[in-house]
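Please keep the structure in view while reading.

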Amino acid sequence: MSGAVEAKLAELGLTLPAVVPPLAAYQPAVQSGVYVYTSGQLPMVDGKLQLSGKVGGEVTAEEAKQLAATCALNALAAVKSVAGDLDRIKRVVKVVGFVASAPDFTGQPGVINGASELLGAVLGDKGVHARSAVGVTVLPLDAPVEVEVQVELVEA
């Protein structure tokens, strides 16, 4: 039986995916005390990168915003893999988003809003967080966007 957070995902027409396997020597998420830190999550669906290229070049800002939401959904799956239950999330503390940007692209905050808005829609006030949105030259697999999330859990 899924909890309230997964019920909210279903209400939004979303399904929590399987955890994306690591591409190198790291874990998708680790817990330290009451905090869970995810590794950077790419916009992978069923093991495949959804789009590749630079935002403001081969990928539009709106496409990248949707990809950032996919990254956030993958981050929730990574959180669940160590927390056991998404209903243990007390709050999202911080989101860091990386946007592989064309040289003249300056809309990184709007792109990472895709992740922030998804977390807010799913978690309500618990999804409100501090955030950084950073433009970079290139990301793994030529992904347009990567998102990492830090959450605080209710003590078990």
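## Helices on the sheet

Helix 2 (residues 61-83) lies across strand 1, strand 2 (35-38), strand 5 and strand 7, and runs at about 40° to strand 7. Helix 3 (residues 108-123) packs on the sheet and touches strand 5, strand 6 and strand 7; its direction makes about 155° with that of strand 5. Contact means heavy atoms within 4.5 Å. Helices (H or I, at least four residues) and strands (E, at least two) are DSSP runs, numbered from the N terminus. Axes are lines fitted to C-alpha atoms, for helices over the stretch in contact, and angles between N-to-C directions run from 0 to 180 degrees.

This is a predicted model, in which local features need pLDDT of at least 70 and side-chain atom pairs count only at pLDDT 80 or more, while totals for chains, interfaces and linings use all residues. Residues are numbered from 1 along each chain as its sequence is written, and side-chain values use heavy atoms, without hydrogens and water.

Five strands form an open sheet in the order 1-2-7-5-6, with mixed pairing. Its edge strands, strand 1 (29-32) and strand 6 (130-136), each pair on one side only. From one strand to the next, the twist averages 15°. Two strands pair if DSSP finds at least two bridges between them.

Strand 5 (residues 89-100) and strand 7 (residues 145-153) run antiparallel and are joined by nine bridges. K94 has Q150 in strand 7 as its bridge partner.

## Length of helix 2

The end C-alpha atoms of helix 2 are 32 Å apart, which agrees with the 33 Å that its 23 residues should span at 1.5 Å a residue; the expected span is 1.5 Å times one less than the number of residues. G84 follows helix 2 and has a positive phi, near 85°.
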